[in-house]
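I opened the notebook to record what I looked up today. The entries follow the order in which I checked things.

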Amino acid sequence: MLRTFKVEKYHTDIVSKTTLFKVLKYLNKKNIKTPFLLIDREKVREKVSVIGQNIKNSVVFYAVKANPDIEIIKFVNKLGMGFEIASEGELKLLSSIGVKPERIISSNPVKSFKFLKMAASYGANYFAYDSTDEVDKLKRFLPGCNVYVRLSVPNEGSEWPLSKKFGVELDNAAGLLSYAKDRGLNPVGITFHVGSQCTNIYNWNTALDKAKALWDIAERKGIRLNLLNIGGGYPIKYTKNVIDVDAIDKNVNKLIYEKFPQNVRVFIEPGRAVVGDAGIFVTSVIGKAARADENWLYIDVGVFNGLMESVGGIKYTYLVETTRDTKQKKKWTITGPSCDSFDVIDKDVVLPEPDIEGLVLILSSGAYTISYASEFNGFAIPKTILI
Ligand SMILES: *Cc1c(COP(=O)(O)O)cnc(C)c1O
């Protein structure tokens, strides 16, 4: 069935033409029930080859929570990436495909007991922490393991800030490095997270300044660190342009070169940037309604089965299937299929009028979508298909 999409420049400004046209070609050939998520494997491959390329001595770990689909995990594994995980479920996934423990780290500063037990028997050996209680837990389950302390750093300009929940200030962090050493753990370094979807390049500068200050305090206390884990945060394009990975990495590399010892090891933990812009959600229009002066558009994926991040302010770009004049546009309130009023994805989205039963493509939706999805109200979790 030939689909009627009119691709405009604002679409190809957001997602690469090759990814978009690959998806459109696929949709013309296949007739699969919506909703589902298509992931362009070539785009993932391209992103993986770029991230960390400009950072000396770096090792890249995919943050599994961004999209834990087994096919993606297998693909990323083949590309040689390591993995950053937080839970027993994520570890189980990796063990099911035989990922070696040396390629697994966990930067969740507060880990469950179940996970610690499993990580110990699996042989994982790199962990983040930001409290004395966590050191005591690690000592119990993983005596002598390598640890890095999570420093709190500014998350301004990140659309998904994380700094409120995790990380400690300098003095506290310095004390925690000693505390870990005194209890027989091996304090190897420092980690931070600039916030997810970080569009402010200065967050990395501030974070590295702070990490450097901690590095020096540790040195004065007789703790020689060798690892800097710069977390994730690389942004992708949703509705506008962002700084690219290359520019961020070159800046980070320069700062590390200026401030830290030559042999420092660098860990990077990208999630969103690996799969986000490789993914396009394929959904269908299940209804339209005019209420007061609002045009409501109902699609078969919503806040509960994939688009959770819209609640936190992430805005997507849409490409709708329509047989009408695409020059005539209206403002739409886009909403999910469930009967909950919380299930509203976006407002004031300017689009041509979509056909009922027509497709709505949601660009750059490969990360933090399926991983959040539930079957609330009986709507299935969309499946992921690598193309
Ligand atoms: C979520 C997370 C990441 C990935 O962050 P992105 O912004 O998706 O790159 C990396 N490290 C830790 C500790 C995380 O919690």
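Is Asn 108 buried or exposed? I looked it up in this predicted model. Asn 108 has a relative accessibility of 18%. The cut-off for buried is under 20%, so Asn 108 counts as buried. I then placed Asn 108 along the chain. It sits in the loop between β4 (104-105) and α6 (113-122). I also checked what its side chain meets. A polar atom of the Asn 108 side chain is 3.5 Å from the backbone oxygen of Ala 86.

**Entry: the ligand**

I turned to the ligand and listed its surroundings. I found 14 residues around the ligand. The closest are Lys 65, Ser 196, Glu 269, Arg 272 and Tyr 368. I sorted the shell by residue type. It holds 3 nonpolar, 6 polar and 5 charged residues.

Gly 233 uses its backbone, with a polar atom 2.9 Å from a ligand oxygen. I then looked up how much of the ligand is covered. Taken alone, the ligand exposes 390 Å², and the protein buries 93% of that.

**Entry: the second largest pocket**

How many residues line the second largest pocket? I counted 19 in the lining. Lys 43, Lys 47, Lys 237, Asp 244 and Asp 277 lie nearest the centre of this pocket. Its volume is about 320 Å³. I checked which helices contribute. α3 (41-50) and α10 (245-259) each supply at least two lining residues. The largest share comes from α3, with 4 residues. By type, the lining of this pocket divides into 8 nonpolar, 3 polar and 8 charged residues.

**Entry: backbone angles**

The peptide bond from Thr 34 to Pro 35 is cis, and its omega is near 0°. Pro 35 belongs to the loop between α2 (17-29) and β1 (36-39).

Then I checked phi. Asp 348 has a phi near 55°, a positive value in a residue other than glycine. Asp 348 lies within strand β16 (residues 344-352). Asp 348 has a relative accessible area of 53%. The cut-off for exposed is over 50%, so Asp 348 is exposed.

Where does Glu 357 lie? I found Glu 357 in the loop between β16 and β17 (359-362). Its phi is near 75°, again positive in a residue other than glycine. Glu 357 has 68% relative accessibility and therefore counts as exposed.

**Entry: towards the start of the chain**

I ended with Thr 4. It is found in the segment before α1 (9-12). Is Thr 4 buried, partly exposed or exposed? The relative accessibility of Thr 4 is 36%. That falls between the cut-offs of 20% and 50%, so Thr 4 counts as partly exposed. I also checked one distance from Thr 4. Its C-alpha atom is separated by 56 Å from that of Val 188. Along the chain, Thr 4 and Val 188 are 184 residues apart.

Conventions
Residues are numbered from 1 along each chain as its sequence is written. This is a predicted model: local features need pLDDT of at least 70, side-chain atom pairs count only at pLDDT 80 or more; totals for chains, interfaces and linings use all residues. Side-chain values use heavy atoms; hydrogens and water are left out. A residue is near a molecule or strand if one of its heavy atoms lies within 4 Å of it. A polar contact is a pair of N or O atoms within 3.5 Å; within protein, one must be able to donate a hydrogen and the other to accept it, and residues adjacent in sequence count only if both atoms are side-chain atoms. Accessible areas come from the Shrake-Rupley method with a 1.4 Å probe; for residues, only the protein chains shown count as cover. Ala, Val, Leu, Ile, Met, Phe, Trp, Tyr, Cys and Pro count as nonpolar, Asp, Glu, Lys and Arg as charged, and the others, Gly among them, as polar. Buried means under 20% relative accessible area, exposed over 50%, partly exposed in between (1.4 Å probe, protein chains only). On a 1 Å grid over the protein atoms alone, a cavity is a set of points where a 1.4 Å probe fits but cannot get out, and a pocket is an open set with protein on both sides within 12 Å along at least five of seven lines; lining residues have an atom within 4 Å of a point. Grid points are joined across faces, edges and corners, and a volume is the space filled by probe spheres set on the points.
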